[in-house]
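I opened a new page for this chain and meant to go through its strands, its core and its ligand shell in turn. My notes follow in the order in which I looked things up.

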Amino acid sequence: KKERTLGIIKPDSTAKMGQILDVIYQKGFMITQLKMCQLNRNEAFQLYQEHQGKPFLDNLLNFITRGPVIAFEMMGPGVISAWRELLGPTDSAEARKVAPQSIRARFGKDNTENACHGSDSTTSAAREVEFFFPSTGPGRQNTAK
Ligand code: CMP
């Protein structure tokens with residue numbers, strides 16, 4: 001079974017989706033599902049449930065719900081860590097120092113408005129892909145099979 005991960009172009013960067021998707025394809029990633037949608041507060045809370053109790057959660061929920069996001073599934077060997085490597089550090093200001101070619105360095109602003117998300121483990125990848133692309137229901141296919 002191939003590894004998969006979930007990427008999100010966040011509300012600060014949807015206007016740059018073309019450039020960001022160009023980078024993703026130039027680096028050889030394979031996008032297998034993709035959609036644009038706007039999350040409500042409950043959905044955002046569900047997505048970021050692992051950050052319950054963190055001091056930045058409220059900021060994060062306000063930001064991620066303020067406009068549409070582009071969510072996409074990618075597949076391939078080692079894709080979880082490869083995508084996080086391309087993203088760079090969480091804080092875009094830090095990314096500009098240590099990984100100037102990374103997506104967060106190039107397209108993000110700070111610790112919250114950091115352009116894109118990437119799943120951090122196989123467990124969170126499975127949960128996050130299922131959140132945006134349910135594998136069951138009318139017209140659904142499980143692309144992981
Ligand atoms: P993301 O990769 O989407 O995962 C959780 C998000 O929480 C992260 O990107 C940031 O947008 C945000 N985040 C993580 N740590 C902090 C922090 N210390 N301050 C503010 N926002 C943060």
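This is a predicted model: local features need pLDDT of at least 70, side-chain atom pairs count only at pLDDT 80 or more; totals for chains, interfaces and linings use all residues.

Entry on the strands. I took helices (H or I, at least four residues) and strands (E, at least two) as DSSP runs numbered from the N terminus, and strands as paired if DSSP finds at least two bridges between them. Strand E2, residues 30-37, pairs with E3 in the antiparallel sense over 7 bridges. I then looked up E1 and found that 6 bridges join E1 to E3, again in an antiparallel arrangement. Within that pairing, Ile9 has Ile70 in E3 as its bridge partner, and Gly7 stands opposite Phe72 in E3. E1 is also joined to E4 by 3 bridges, the two strands running antiparallel, and here the bridge partner of Ile8 is His117.

Entry on burial. I called a residue buried if 20 or more other C-beta atoms lie within 10 Å of its own, exposed if 12 or fewer, and partly exposed in between, with C-beta atoms placed from the backbone. On that count 6 of the 6 residues of E1 are buried, so E1 is largely enclosed by the rest of the structure. Arg4, Leu6 and Ile8 point one way from E1, whereas Thr5, Gly7 and Ile9 point the other way, and all are buried. For E3 I found 5 of the 7 residues buried, so this strand too is largely enclosed by the rest of the structure.

Entry on the core. I used the term nonpolar core for a set of buried Ala, Val, Leu, Ile, Met, Phe, Trp, Tyr and Cys residues joined through C-beta atoms within 7 Å. The largest such core has 24 residues, and those with the most contacts inside it are Leu6, Ile8, Val69, Ala71, Trp83 and Cys116. Strand E1 (4-9), strand E3 (69-75), helix H4 (79-87), helix H6 (103-107) and helix H7 (122-132) each supply at least two residues of this core. Not counting residues up to four places away in sequence, Trp83 touches Thr5, Gly7, Phe29, Met74 and Gly118.

Entry on Ile103 and Ala115. Ile103 lies in helix H6 and is buried, with 27 other C-beta atoms within 10 Å. Leaving aside neighbours within four places in sequence, I found Ile103 in contact with Ile20, Val23, Leu86, Leu87, Gly88, Ala115 and Cys116. Ala115 itself is found in the loop between H6 and strand E4 (116-118), where it counts as buried with 24 C-beta neighbours inside 10 Å. I marked its phi, near 75 degrees, as a positive value in a residue other than glycine.

Entry on Arg127. I placed this residue in helix H7 and found it partly exposed, with 16 other C-beta atoms within 10 Å.

Entry on the ligand. Which residues surround the ligand? I listed Phe56, Asn59, Leu60, Thr90, Asn111, Thr112, Asn114 and His117, a residue being near a molecule if its C-beta atom, placed from the backbone, lies within 6 Å of it. This shell divides into 2 nonpolar, 6 polar and no charged residues, where Ala, Val, Leu, Ile, Met, Phe, Trp, Tyr, Cys and Pro count as nonpolar, Asp, Glu, Lys and Arg as charged, and the others, Gly among them, as polar.

Entry on the whole chain. I read 7 helices and 4 strands, which follow the pattern β-α-β-α-α-β-α-α-α-β-α along the sequence. Buried residues make up 30% of the 145 residues in the chain. Of the contacts with a separation of 6 or more, 67% are between residues 24 or more positions apart. Last, I noted that the C-alpha trace spans about 45 × 35 × 25 Å along its principal axes.

Methods:
Residues are numbered from 1 along each chain as its sequence is written. Two residues are in contact if their C-beta atoms, placed from the backbone, lie within 7 Å.
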